[in-house]
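Please examine the structure shown below. The questions that follow are meant to be read beside it.

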Amino acid sequence: MKAGDMAELAMRNLREALLRNSLTTLGVGVGIASLVAMLSLGVGLQELATKRLTRSGLFDSVFVAPRTNIRGFGRAFREGPEKPEEPRALDEDARQQITRLANVIEVYPQIRFLSEVRYLGNPYTTVVAGIPESASANDAYEGMTGTFFSGPSADEAILQIEFAKELSDQPKTLVGKDVVLRYMERQAIPAQARADTAKADDTGVLSSGFSLVPREKSFRIVGVIETDPAVGFGGFGGGRLLIPNEVAEHLRIAQMNDLRGLMSGNTRKPGYGSLTVRVKNPRDITNVENAIKQMGFSAFSLLDATRNLRLVFTVFDLLLGIFGSLALAVASLGIINTLVMAILERRREIGILKALGAADRDVSQLFFAEAGAMGVTGGILGIAIGWLIGRAITLGTNIYLSRQGLNAVRISSVPWWLALSALGFAIVVSLAAGIYPASRAARLNPVDALRYE
Amino acid sequence: MQDGQSAIRTDKATRHYRLGEEFIRAVDEVSLEVRAGEFLALLGSSGSGKSTLLNLLAGMDRPTSGAIHVHGRNLAEMSASELAQHRRKIVGMVFQAFNLLPKMTLEENVELPLRLAEVERGERQARVREALERVRLGTRLRHRPTELSGGEQQRGALARALVNRPSILLADEPTGNLDSANGEQILTLLREINQSLGMTIVMVTHERALAERFADRVAVMSDGKLIEDGVKT
């Protein structure tokens with residue numbers, strides 16, 4: 001029999017016992033719904049975690065440091081022929097070279113320093129951190145009071161809530177107010193003066209190449225942030241007053257690596273303690289990391305952590321899928337039961353079909369078509385119900401999060417591949433459930449079947 | 001198929017089966033020949049084996065031993081799918097209980113063998129109408145079997161048996177569930193089909209008078225054996 005005729009007959013047969021077949025189909029739908037709902041939570045949570053981690057800037061970044069930072073700086077004090085080869089300085093030239101690497105979208109230094117902040121004439125000591133422009137996409141800034149910096153060179157500041165509370169009992173009212181930052185600017189000493197200083201020193205330690213000059217700069221508070229935003233690797237926590245990274249760089253504030261350079265005698269050019277290199281896509285990490293290592297720097301990333309994360313979620317999805325499939329297994333028993341009942345009821349009909357020339361294959365295909373139709377309908381129904389369950393769980397979660405003062409999240413997701421896989425799975429399970437009834441119907445002896453009343 | 005050629009030939013066709021402890025010889029070494037275009041009535045009392053023999057000729061059952069040749073091909077040696085093809089293309093069947101599917105209209109019932117034979121949809125309608133016109137049911141296409149009288153149902157079943165244009169029509173007690181007027185009408189139709197289309201007909205019945213009146217030849221079975229085979233008196 002042709003497929004179209006087979007489908008037509010199958011649908012007609014299903015309509016004949018509408019209630020029973022609808023209940024069986026609903027059973028398949030519930031099975032698929034439980035599977036889809038479970039997996040949609042797994043997928044949604046994975047997407048949420050991946051998105052959060054990606055937006056944190058940790059998983060699309062390579063962290064670069066001069067090799068001296070890793071090997072220790074005590075060697076510079078030693079004298080003699082065994083003095084090791086001088087490692088490459090992580091300076092502006094190196095930064096430009098890294099910027100030119102393929103798939104690199106941003107290179108910025110980690111700037112964090114202890115500073116005095118004056119507000120309404122009162123001094124407060126806190127940690128100031130430079131924030132790159134790209135950090136505006138970070139989830140930490142969602143729902144903040146005020147706004148992110150208006151531009152990369154704006155003299156604006158964002159206060160972390162704990163620090164803001166030190167400044168005012170009503171921290172959110174600080175937006176629009178000004179604070180004054182007092183800091184030590186690193187200022188190069190003219191060449192002649194440096195030579196004189198070196199001559200006067202006979203301890204063997206090289207003299208400094210810069211002086212520290214106290215400065216003040218006013219910043220307009222544009223936002224107050226509740227969370228403690230990550231600012232690349234090593235930037236977790238600590239930053240209580242956040243300013244644009246570009247502005248922070250222009251302040252030329254003396255940092256820890258300047259002191260290291262001072263002690264190692266490398267004061268020719270101001271260098272960076274570390275650089276954060278952001279790439280277009282996490283999959284570009286390895287190539288960029290290797291290229292930076294070949295340039296003579298230490299480079300590392302948290303890529304392995306994302307791999308482990310993916311593995312954890314795969315196992316999680318597998319477990320959810322197994323639990324979700326249990327309901328489908330029960331539903332498949334429903335299909336077997338329904339079709340076996342149909343054989344008993346339609347015994348005479350099967351006999352007539354065979355007497356009219358239906359081959360065993362035609363009869364079995366008819367039952368497979370009926371099982372498949374229940375699978376398709378139940379699958380589509382199940383995907384819709386599963387999607388709704390996922391939405392309901394997300395809604396309930398967000399109501400709870402909202403009451404806790406937290407931002408809404410999307411914890412369930414039904415991507416197209418999940419919907420298609422679920423539909424395919426429903427059809428496969430239904431057809432598998434149809435194997436026994438179909439073969440039993442096909443084996444019926446037409447003479448016996450026609451005798452059946 | 002031309003007159004005189006053998007359409008059906010059974011050679012010691014035997015069908016035995018076991019019913020509990022009892023060994024039943026439903027058909028016992030029956031040798032019979034039916035010429036093409038012949039109308040054979042197979043007479044016998046209940047349990048004589050005539051319906052079993054008809055099922056063997058239809059390819060719905062297999063002989064325990066012996067051979068059943070239809071148009072020269074031995075049904076005993078055919079595979080299940082070849083037997084299905086035999087039922088689909090070579091023979092048409094009419095049953096005592098009509099056996100129309102109640103969920104389908106008369107038109108759909110008659111169309112069913114065409115679906116099984118994978119006849120194009122466009123051709124089906126014309127053939128269904130032609131078959132129903134032949135049995136004078138052209139106006140009852142959309143009726144379900146329950147909306148038809150017994151005689152109409154049997155005529156519908158006859159149209160279904162004819163729609164694939166088989167060369168052999170096998171009728172198992174076609175008048176058994178009908179009153180005498182409707183029974184006579186069916187037999188008149190069978191005779192008409194036999195004569196106008198030259199179709200070979202084997203009809204099982206237990207009504208000798210009707211058999212002798214409409215059939216070319218009457219064969220009688222008893223206890224699974226063919227006890228009489230000859231032209232009608």
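Residues are numbered from 1 along each chain as its sequence is written, and chains are lettered from A and ligands numbered from 1 in the order in which they are written.

Q: Which strand of chain B has the highest confidence?
A: Confidence is expressed as pLDDT, the predictor's confidence in each residue, from 0 to 100. Chain B averages a pLDDT of 90, and 97% of its residues score at least 70. Helices (H or I, at least four residues) and strands (E, at least two) are DSSP runs, numbered from the N terminus. In chain B the lowest mean, 82, belongs to strand E10 (residues 225-231), and the highest, 95, to strand E7 (residues 168-172).

Q: Over which residues of chain A is the pLDDT below 50, with 6 contacts beyond near neighbours in sequence?
A: Chain A has a mean pLDDT of 81, with 82% of its residues at 70 or more. The pLDDT is below 50 over residues 69-80 of chain A, a stretch with 12 contacts beyond near neighbours in sequence (a contact requires C-beta atoms, placed from the backbone, within 7 Å). Where pLDDT is low, the predicted coordinates should not be read in detail. The stretch of chain A with pLDDT below 50 and 6 such contacts is residues 199-207.

Q: Which strands are the edge strands of the open sheet of 4 strands in chain B?
A: The strand order in this sheet is E2-E1-E4-E5 (chain B), and the pairing is antiparallel. Two strands pair if DSSP finds at least two bridges between them; strand E4 (residues 65-70) and E5 of chain B have 2 bridges. An edge strand here pairs on one side only, and the edge strands are E2 (22-35) and E5 (73-74) of chain B.

Q: Why is H1(B) largely enclosed by the rest of the structure?
A: Helix H1 (residues 50-58) of chain B packs on the sheet and touches E1, E2 and E4 of chain B. A residue is buried if 20 or more other C-beta atoms lie within 10 Å of its own, exposed if 12 or fewer, and partly exposed in between, with C-beta atoms placed from the backbone. The buried residues of H1(B) include Lys50(B), Leu53(B) and Ala58(B). H1(B) is largely enclosed because the number of its residues that are buried is 9 of the 9.

Q: How many residues apart along the chain are Val218(B) and Leu42(B)?
A: Val218(B) is placed in strand E9 (residues 217-222) of chain B. Val218(B) counts as buried because 21 other C-beta atoms lie within 10 Å. The C-alpha atoms of Val218(B) and Leu42(B) are separated by 6.0 Å, although along the chain the two residues are apart by 176 residues.

Q: Which bridge partner does Val64(A) have in E10(A)?
A: An open sheet of chain A has the order E2-E10-E1-E11, with antiparallel pairing. In chain A, strand E1 (residues 61-66) is joined to strand E10 (residues 275-279) by 4 bridges. The partner of Val64(A) in E10(A) is Leu275(A).

Q: Which helix gives the most to the side of chain B that touches chain A?
A: In the contact between the chains, 18 residues of chain B meet 17 residues of chain A. Helix H2 (80-89) and helix H3 (106-116) of chain B each supply at least two residues of that side of chain B. With 5 residues, the helix that gives the most is H2(B).

Notes
This is a predicted model: local features need pLDDT of at least 70, side-chain atom pairs count only at pLDDT 80 or more; totals for chains, interfaces and linings use all residues. Two residues are in contact if their C-beta atoms, placed from the backbone, lie within 7 Å. Axes are lines fitted to C-alpha atoms, for helices over the stretch in contact, and angles run from 0 to 180 degrees between N-to-C directions.
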